[in-house]
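This report describes the structure shown below for a reader who is new to the subject. Please keep the model in view while reading.

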Amino acid sequence: MVNEISKLCIDYTGMMCSSQNPKGFSKEDLQGLQAKLDEAQNSLHARRESGNLDFSLLLPSMLSQLPELCEYADQAASRFENFVVLGIGGSALGPLAVQQALNHYYYNELAPEKRFGRSRFYVLDNIDPLRFRELGQILDPQKTLYNVISKSGNTSETMAQFLIVRDYLRHFCGESYADHLVVTTDQQKGNLLPIALKEGFKRFVIPSGIGGRFSELTPVGLLAAAICGIDVEQLLAGAIEMDRRIRETKGVFGNPAQLKTALSYLSWQKGKNISVFMPYVDGLKTMADWYAQLWAESLGKRYDRLGKEVTLGQTPVKALGVTDQHSQIQLYTEGPDDKVITFLTLKEFRVTQEIPEDLTLPEDIRFLGGKTLEELLFAEQKATEYALTKAGRQHLKIILSALTPYNIGQLLLLLEWETAYMGELLNINAFDQPGVEEGKNGTYGLMGRPGYEAEKLAIEAYGSERHILT
């Protein structure tokens with residue numbers, strides 16, 4: 001049984017009608033969506049029962065895989081100083097978000113004993129050649145393990161990285177090069193699988209029904225977390241509890257996914273086409289990147305399920321409190337009223353930093369003395385909420401009791417379920433990404449992959465007339 005204090009909390013005061021916010025929603029507005037939400041819940045339940053909602057269905061099976069995964073992670077951490085993820089999209093953003101949330105902010109700079117002997121952690125989530133080269137210059141290949149993550153083995157960026165790294169390891173590590181590579185890919189198909197089998201790489205499986213943006217609680221993210229010393233059992237425990245709560249609770253005021261979805265849907269109906277995700281915790285900064293992919297790739301769709309052209313989707317924007325109070329909040333309070341803002345914060349920080357008192361300073365500075373950075377941050381957040389409310393702008397707050405694996409697991413599942421629910425209410429497929437595939441196919445053509453000659457010709461024709469200022 002989970003202690004109540006560990007539960008994630010949603011404060012949606014800034015979305016509701018009040019004397020300060022007369023344009024907010026009423027309880028009746030939320031209750032008016034209950035029939036749609038119940039229909040969505042039934043549809044998602046049926047999808048899950050038929051084996052087509054694997055991000056939820058397969059959570060218990062992930063628990064059963066932890067002994068093998070953790071044993072390998074412990075051995076790898078004891079042998080390798082560095083662990084490098086080669087991946088893009090969810091394969092990179094999820095591991096980064098969890099690592100930054102749960103480990104020391106400057107984890108890689110810590111001495112090995114302060115990392116408890118765990119490997120340093122790097123993610124190569126792009127193909128900038130300078131960045132790629134410079135990381136290789138600072139890592140000893142003999143002390144580095146690379147994790148290649150691609151379900152299909154067709155991901156051009158990741159496979160290009162893999163080919164370079166494999167060649168590099170063969171040169172510096174000789175016959176033992178395969179020990180420096182672990183692949184996370186499909187169980188039965190794809191281009192990476194036969195290479196791994198032939199060359200003897202350690203393998204972990206991405207379940208076939210889970211897309212990259214929903215894959216953090218599979219070996220895609222669990223391996224990286226375990227190698228860096230994160231309690232992956234607690235991470236899954238929090239996810240499983242949130243999953244159970246969402247599946248078994250009925251009613252918009254009891255089910256956190258239904259509540260979040262109702263608020264998002266009503267906001268969208270009122271013209272809020274931008275969803276700002278704004279952590280007030282530096283450790284959750286990268287969580288906003290993960291959320292942005294989840295929301296954009298799942299819900300940005302040209303066609304609905306009936307094939308009707310609808311061009312739907314809220315644009316996700318990432319921000320960081322208090323940093324972006326000095327760069328974005330001016331726009332949010334006085335610019336177009338087309339945004340809904342989700343703050344992500346903590347009940348309390350695990351440390352307190354007092355601000356020294358100095359009575360010789362001017363009053364405009366002296367008032368800070370004796371306070372703490374935690375007090376200042378919470379004051380700035382509350383003041384921002386008030387300023388937005390005063391301007392009639394919609395906002396809500398997700399509050400975690402602390403940065404723990406259990407709470408991060410809850411957060412991941414809540415946002416995944418909200419995305420699934422939103423897809424149902426919009427009548428779109430939240431689990432495909434046809435717009436991404438078009439760009440992939442064009443890249444294949446330009447890079448000379450057989451079978452994509454038509455895409456190459458089309459792109460070359462598109463670029464035949466240029467307009468360039470030099």
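## The annotated coiled-coil region

For "coiled-coil region", the unreviewed UniProt entry lists residues 23-50. UniProt positions are given in the numbering used here, feature names are shortened, and annotations may be inferred rather than shown by experiment. Helices (H or I, at least four residues) and strands (E, at least two) are DSSP runs, numbered from the N terminus.

The model is predicted, and local features need pLDDT of at least 70, side-chain atom pairs count only at pLDDT 80 or more, and totals for chains, interfaces and linings use all residues. Residues are numbered from 1 along each chain as its sequence is written, and side-chain values use heavy atoms, with hydrogens and water left out.

## The parallel sheet

Strands of a sheet pair through backbone hydrogen bonds, either parallel or antiparallel. Here, 5 strands form an open sheet with parallel pairing, in the order 3-2-4-5-6; two strands pair if DSSP finds at least two bridges between them. Strand 3 (120-124) and strand 6 (202-205) stand at the edges with a single partner strand each, so one side of each has no neighbour in the sheet. From one strand to the next, the twist averages 20°.

Strand 2 (residues 82-86) and strand 4 (residues 144-149) run parallel and are joined by 5 bridges. Within strand 4, Asn-147 is the bridge partner of Val-85. Helix 6 (residues 129-138) packs on this sheet and touches strand 2 and strand 3, where contact means heavy atoms within 4.5 Å. The direction of helix 6 makes about 160° with that of strand 3; axes are lines fitted to C-alpha atoms, for helices over the stretch in contact, and angles run from 0 to 180 degrees between N-to-C directions. Helix 8 (residues 192-199) also packs on the sheet, touching strand 4, strand 5 (181-185) and strand 6, and its direction makes about 145° with that of strand 5.

## The mixed sheet

Another open sheet of 5 strands has mixed pairing and the order 1-12-11-7-10. Its edge strands, strand 1 (9-11) and strand 10 (315-318), each pair on one side only. Strand 7 (residues 274-279) pairs with strand 10 in the parallel sense over 4 bridges, and Thr-315 in strand 10 is the bridge partner of Ile-274.

Helix 11 (residues 256-269) lies across strand 1, strand 11 (339-346) and strand 12 (394-400), at about 160° to strand 12. Helix 15 (residues 373-390) packs on the sheet as well, touching strand 11 and strand 12.

## The annotated active-site residues

Under "active site", the unreviewed UniProt entry lists Glu-297, His-326 and Lys-440. These residues span 144 residues in sequence, and the farthest two C-alpha atoms are 37.1 Å apart, so they do not all gather at one spot.

Glu-297 is found in helix 12 (residues 285-299). Beyond residues up to four places away in sequence, Glu-297 touches Arg-213, Asp-432, Gln-433 and Val-436. His-326 lies in the loop between strand 10 and helix 13 (329-334). With a relative accessible area of 70%, His-326 is exposed (buried means under 20% relative accessible area, exposed over 50%, partly exposed in between, with a 1.4 Å probe and protein chains only).
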